[in-house]
Amino acid sequence: MTFLNHLINGISLGSVYAIIALGYTMVYGIAKMLNFAHGDVIMVGAYVCFFASSSFGLPPILGVLLAMAVCTALGVVIERLAYKPLRQATSLAVLITAIGMSYFLQNAAQLLWTSNPKIFPTFFTVTDRETGTVKTGISLFEGQLNLSYASIVTIAACIVIMIALTLFTSKSKMGKAMRACSEDKAAAQLMGINVNTTISMTFAIGSCLAAIAGVLLCSSYPTLQPTTGSMPGIKAFTAAVFGGIGSIPGALLGGILLGVIEILAKAYLSTQLSDAIVFAVLIVVLLVKPAGLLGKLVREKV
């Protein structure tokens, strides 16, 4: 039962990584650029939801919707101001810009909301009508197995998002345009697809998902500060590479495996070395499969 508890916690954490990894994998798959500011969009979404609920008294669902709207707009602005002028630039220039945008968002958050950690409210609770006690989870097998409502909602949200995104990319007109741009942007433009709009839409969707991931992450780990999204963003990028960057199923698989490995490493090996173990597993996997677990090697003519 102890192992099962750790496994469920790992799947819950991995679900958050998977949702964040979708932003990385979609942007890289279509625009062939790494948006390292994506992790800080998570932090912005969590702050927006926090202040919407604590300062303005909005219901949690409205706070989440507001965070999604703000992060969607932020993603489009970042793409237009920082990345669109670098369409034809080298990968190094894009990478430096992405790192600079990440530090800009962190320092802007510190100026706006200070560096003092804030305790994120617990949204996923149920009040017992008979006793009036507030429950944060379910206990099974005489208390040996504990399922928090935050973990249940996180795993369910990850499954719903993956199914919806898969249907969107395969069935909708915009989704087909995204796949066309991923294959060949020049050919897609010749077929009448607006490449710039498609890339902006990709950033918008990824940033919207980042807001959801930020709320889910802070619901399970309630400390919120300007650097909250840094390490989860790096680990989610690792998950995207682990599963095969550019692949939506790969983001899901990589995120779940990464979360499970991290939690089990903390539980059975060492809390201090858990991050090192995660990245060591990534190195081993990439040595065996350089394109990731579900990635495909693409041959380029030179």
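**A friendly note on salt bridges, helices and rings**

1. Let us start with charge: the structure has 5 salt bridges, a salt bridge being a side-chain nitrogen of Lys or Arg within 4 Å of a carboxyl oxygen of Asp or Glu. Side chains of opposite charge can pair when their charged atoms come close. Please keep in mind that this is a predicted model, where local features need pLDDT of at least 70 and side-chain atom pairs count only at pLDDT 80 or more, while totals for chains, interfaces and linings use all residues. Residues are numbered from 1 along each chain as its sequence is written, and side-chain values use heavy atoms, with hydrogens and water left out.

2. One of the salt bridges joins Glu79 and Arg87, whose closest N and O atoms are 2.6 Å apart. Glu79 is buried, at 0% relative accessible area, and Arg87 is partly exposed at 24%. Here buried means under 20% relative accessible area, exposed means over 50%, and partly exposed lies in between (1.4 Å probe, protein chains only).

3. Another salt bridge brings Asp275 and Lys235 together at 2.7 Å, N to O. This pair links distant parts of the chain, since Asp275 sits in helix H11 and Lys235 in helix H9 (residues 230–243), 40 residues apart. Helices are DSSP runs of H or I with at least four residues, numbered from the N terminus. Asp275 is partly exposed, at 27%, whereas Lys235 is buried, at 5%.

4. Glu262 also has a salt-bridge partner: Lys266, with 3.3 Å between the closest N and O atoms. These two residues are 4 apart in helix H10, so about one helical turn separates them. Glu262 is buried at 2% relative accessibility, and Lys266 is partly exposed at 36%. Through shared partners, salt bridges join Lys235, Glu262, Lys266 and Asp275 into one network.

5. Does helix H2 sit enclosed or open? Of its 17 residues, 15 are buried, so H2 is largely enclosed by the rest of the structure. Its length can be checked too: at 1.5 Å a residue, residues 38–54 should span 24 Å, and the end C-alpha atoms are 25 Å apart, which agrees. The expected span is 1.5 Å times one less than the number of residues. Gly39 belongs to helix H2 and is buried, at 3% relative accessibility.

6. Now for the rings: the whole structure holds 8 aromatic pairs. Rings of Phe, Tyr and Trp (its six-membered ring) pair if their centres lie within 6.5 Å; planes under 30 degrees apart count as stacked, over 60 as edge-to-face and the rest as tilted. Tyr47 and Trp113 have ring centres 4.4 Å apart and planes at 20°, so they are stacked. Tyr47 lies in helix H2 and Trp113 in helix H4 (residues 91–113), so the pair ties together parts 66 residues apart in sequence. Both Tyr47 and Trp113 are buried.

7. Phe50 and Phe51 make an edge-to-face pair, because their ring centres are 5.1 Å apart and their planes stand at 80°. Phe50 is buried at 11% relative accessibility, while Phe51 is partly exposed at 23%. Tyr47, Phe50, Phe51, Trp113 and Phe120 form one aromatic cluster.

8. Finally, a loop: Ser270 lies between helix H10 (248–268) and helix H11 (274–288). Ser270 is buried, with a relative accessible area of 16%. The Ser270 side chain reaches the backbone nitrogen of Gln272 at 3.2 Å.

Conventions: Polar contact = N/O pair within 3.5 Å; in protein donor to acceptor, adjacent residues only side chain to side chain.
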